Each structure stands twice: as structure tokens, then as C-alpha cells.
Amino acid sequence: MGKFHIMDHPLIQHKLSIIRNKNTGTNEFREVVNEISNLMAFEVTRDMPLKDVDIETPMGTAHAKELAGKKVAIVPILRAGIGMVDGILHLLPSARVGHIGMFRDEDTLEPHEYFCKLPSDISDREVLVVDPMLATGGSAIMAIDALKKRGAKNIKFVCLVSAPEGVKALEEAHPDIDIYAAALDDKLENGYIVPGLGDAGDRLFGTK
């Protein structure tokens, strides 16, 4: 059974305040999103398996630990999810990156998949689906549907800001998925998280 995790580390909360600020410009917004993603990845990977190894130090033999070959895939939901990839890759440089493209019908607010390109061994990897916002939950649900249909089994969803409606929808659709967020905000209004941080894609890429 999946769980909902709020990342309340002081550094994450401080940096989240920076990107919430409407006066934060595109360059700083992009940099801080990557910094938060890097910090969140530290916690998201807490349960990665380890194996025992013997290491020769200058002073003798150390009975130590190293990662037990767990393979990871980072799958951003286009387009805003791209803004979180580099921060996670900094911590997990050997991870593969897939992409799932979603667009939202502005009238119905329903998501539609238009692109999906994943590592061929996606079924063997721990998959981190990333998107700055978990609003209605529609895009996250559809992205995870697409991943499961293509064989992914071990999936986590990582976002910066979430709405109660989106968390509930995702938990109901995919009760096996762990959800990681830096914040749980008040509500949705017209498909946008309030107070949120605006349109993450527009703020990351300088579009309107």
C-alpha cells in the first residue's frame, strides 16, 4: 500500500517559498526547482537496497555498504516535469530518463497522452515519475497507467506542490504508489492549485 509523504525538511521548505514568490524570475525559479528536486531525491531513495562489501582503506579493511545495483528511471511528465530531472540526476547520474507527454484540454481539464518514450528495461527499474504540480491528479494517473501498461511495477510519484483533490484521486486510482510532495496546499480553483505557485511550465520556461 502506498503512502503520502510530505517533505518538511527546512531547506526544502525555505526553497519552496522562493519559487512560490511571484517576483522570482525564470532563471532563479529553474535553479531552485532543481535544488528542491535534488533534496527530495535524497529522501525518495531512502529505501534503496544495499549490499555488504569489503573495502581496502589506507588503514585496513572496512566492512562497508554499496547500492545493490538498483536501476532507476526518471520519467518527467512533459513539459514541466523536465524542470525536476537534472536535480535528481545530480544525485543518481546513472539513472535513465524516459518521457511522457501530456496536454490538458483547456475546456474539460482532461489530460491526453501524446508522447511516451521509455527505457527498454522499464520493468526492471524503480521509476520516479516527476511533475512539479499534483493538481487534479489526471496527468499523474494517466502517466502511471501508461507506465504500468508498458511493464513498470515499482513506481513513485514526486511533485513539489499538491492539492488534496489530486492526492485523493491518485491514491484511489493507484493505491500502490508512494507519493512524495514538498507541500499539500489548500484546494483547487479552475484546475490550478491555490495558493500554489502559478503555472510551473510557464515559470520554468518563460512562456505565458
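Me: What should I keep in mind about the model and the numbering?
Reply: It's a predicted model, where local features need pLDDT of at least 70 and side-chain atom pairs count only at pLDDT 80 or more, while totals for chains, interfaces and linings use all residues. Residues are numbered from 1 along each chain as its sequence is written, and side-chain values use heavy atoms, with hydrogens and water left out.

Me: Why is Cys 159 called buried?
Reply: Buried means under 20% relative accessible area, exposed means over 50%, and partly exposed is in between (1.4 Å probe, protein chains only). Cys 159 comes out at 0%, so it counts as buried.

Me: Why do Asp 131 and Ser 139 get the labels they have?
Reply: Asp 131 has 12% relative accessibility, so it's buried. Ser 139 has 23%, so it's partly exposed. Asp 131 is in the loop between S8 and strand S9 (133–134), whereas Ser 139 lies in helix H4 (residues 138–149); helices (H or I, at least four residues) and strands (E, at least two) are DSSP runs, numbered from the N terminus. UniProt, in an unreviewed entry, includes both under "binding site", and such annotations may be inferred rather than shown by experiment.

Me: What does Ser 139 touch?
Reply: Contact means heavy atoms within 4.5 Å. Leaving out residues up to four places away in sequence, Ser 139 touches Ile 77, Met 102 and Pro 111.

Me: What makes a set of residues a nonpolar core, and which members touch the most others in the largest one?
Reply: A nonpolar core is a set of buried Ala, Val, Leu, Ile, Met, Phe, Trp, Tyr and Cys residues joined through side-chain atoms within 4.5 Å. The largest has 35 residues, and Ile 19, Ile 36, Met 40 and Leu 160 touch the most other members. H2 gives the most to this core, seven residues.
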